[in-house]
Amino acid sequence: MKLLLENWNRYLKEELRPEDYEDFPQKENEEAEAYLGNPKEIGEFIYRAFRQELEKQPDDTEAQLWSDRIVSDANSKIKKQFPNVKYLGNGVFRTAFTLNKNLIIKVNTSYTTDNGQMMNKEDFTLSRDPQTSKIFPKVYSHDPDFNWIVMDLVYPIITPKEFYSFFPNNIIAPILVKEPMLYRLIFHNSIRLEIARMKKNKKLFVELNDIYKTKLSAGIEKHLGKKVNMDNIVSGFEPLFFQVCNAVLKYNIRVTEVRNNNTGFTIDQSGNKNFVLLDSSIDASIKKGLNEPEPKAAPKKIDKQVANEKTAPIRR
């Protein structure tokens, strides 16, 4: 994992305003605003605080912009203005702060590129995908230019036991206790089998069943005391499993990336834990939004005069 704290703190919720999005019922605005506070004021202040410090740098190179002085001086201003907003950490292009125990705000703090804005927008896109939105952290509010977003705070899933607690399967439950590695192989093979079914790929479906028979079935029979076919195992999973399969197929996520340390959970207002994907190997532009790796080369420079103009009052 290259993102360290960045990855786990990348998710925020939205100031629920009718002008920001139309799908939230008007009658719920008052309750939502009480929960979220006023992220617009906070987001714009943080955005400007970092911009002011970044403009003091003599060089435009993004990799050189992040210094202890910049972070310390910007955070000093933010803490003075918003004592309850806590700094979590920063990546190359964005900085994260907590709003409360369930929400964080991610702010674009890239001076010479629009990468921070792009990543914020990608987070928003994932959270609004009707097919997979339930398993990605939800974005509740954002700046019109995506200079800041408010999302769920994601708590990392560290242990295999915690991870598989989100995917109960009574048929193979005893194996998790006796042989966790075998359970992991069964889980990943089940995802592959379901995807083969979804793609109507008969050849792959047959190959996966052959793998099951030659490499997994004996171990399963040993622990369960009976033979069980893969179709029965797959059908034993609950709806969350199939939602994950949809996301794996749609975003070309490597199946082996669906595991502890690459996933987490959010906590809703009722205190319920909700499983979410993050740091998965997702192709194209969404890959950047989820992994946000360190750039191999310095980002492309933008004319400093143009960059300075972008630090003028934020468009609303």
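Biologist: How many bridges pair strand E3 (residues 103-108) with E5?

Modeller: Some terms first: helices (H or I, at least four residues) and strands (E, at least two) are DSSP runs numbered from the N terminus. Two strands pair if DSSP finds at least two bridges between them. Valine 107 stands opposite tryptophan 148 in E5. E3 and E5 run in the antiparallel sense, and the number of bridges is five.

Biologist: Before we go on, what pLDDT do local features need in this model?

Modeller: Residues are numbered from 1 along each chain as its sequence is written, and side-chain values use heavy atoms, with hydrogens and water left out. The model is predicted: totals for chains, interfaces and linings use all residues, side-chain atom pairs count only at pLDDT 80 or more, and local features need pLDDT of at least 70.

Biologist: E5 pairs with E4 too, then; which residue of E5 is the bridge partner of valine 139?

Modeller: Strands E4 (residues 139-142) and E5 (residues 148-152) pair in the antiparallel sense, over three bridges. Across from valine 139, the partner in E5 is methionine 151.

Biologist: Which residue in the turn of the E4 and E5 hairpin has a positive phi?

Modeller: Five residues sit between the two strands of this hairpin. The turn residue with a positive phi, about 60°, is phenylalanine 146.

Biologist: How many of the residues of E5 are buried?

Modeller: Buried means under 20% relative accessible area, exposed means over 50%, and partly exposed is in between, with a 1.4 Å probe and protein chains only. Over the protein, 51% of the 316 residues are buried. E5 is mostly covered, and its buried residues number five of five.

Biologist: Now the three-stranded sheet: which strands are at its edges?

Modeller: This is an open sheet in the order E6-E7-E8, and its pairing is antiparallel. Each edge strand pairs on one side only, and the two are strand E6 (155-156) and strand E8 (273-277).

Biologist: Which residue of E8 is the bridge partner of threonine 263?

Modeller: Strand E7 (residues 263-267) is joined to E8 by five bridges, running antiparallel. For threonine 263, the partner in E8 is leucine 277.

Biologist: Staying in E8, is asparagine 274 buried, partly exposed or exposed?

Modeller: Asparagine 274 belongs to strand E8. Contact means heavy atoms within 4.5 Å; leaving aside neighbours within four places in sequence, asparagine 274 is in contact with Phe166, Gly264, Phe265, Thr266 and Asp268. Its relative accessible area is 30%, so asparagine 274 is partly exposed.

Biologist: And glutamate 53, is that buried or exposed?

Modeller: Glutamate 53 lies in helix H3 (residues 39-54). Not counting residues up to four places away in sequence, glutamate 53 touches Arg69, Ile70, Asp73, Ala74 and Lys77. Its relative accessibility is 1%, so glutamate 53 counts as buried.

Biologist: Which helices do the buried residues of H10 pack against?

Modeller: The buried residues of H10 are Leu208, Asn209, Tyr212, Leu216, Ile220, His223 and Leu224. They pack against helix H8 (173-178), helix H9 (180-199) and helix H11 (230-235).

Biologist: Which residue follows H10 with a positive phi?

Modeller: Most residues other than glycine have a negative phi. The phi following H10 is near 75°, and the residue is glycine 225.

Biologist: What is the relative accessible area of asparagine 252?

Modeller: Asparagine 252 is in the loop between helix H12 (239-250) and E7. Although not a glycine, asparagine 252 has a positive phi of about 55°. Asparagine 252 is partly exposed, with a relative accessible area of 48%.
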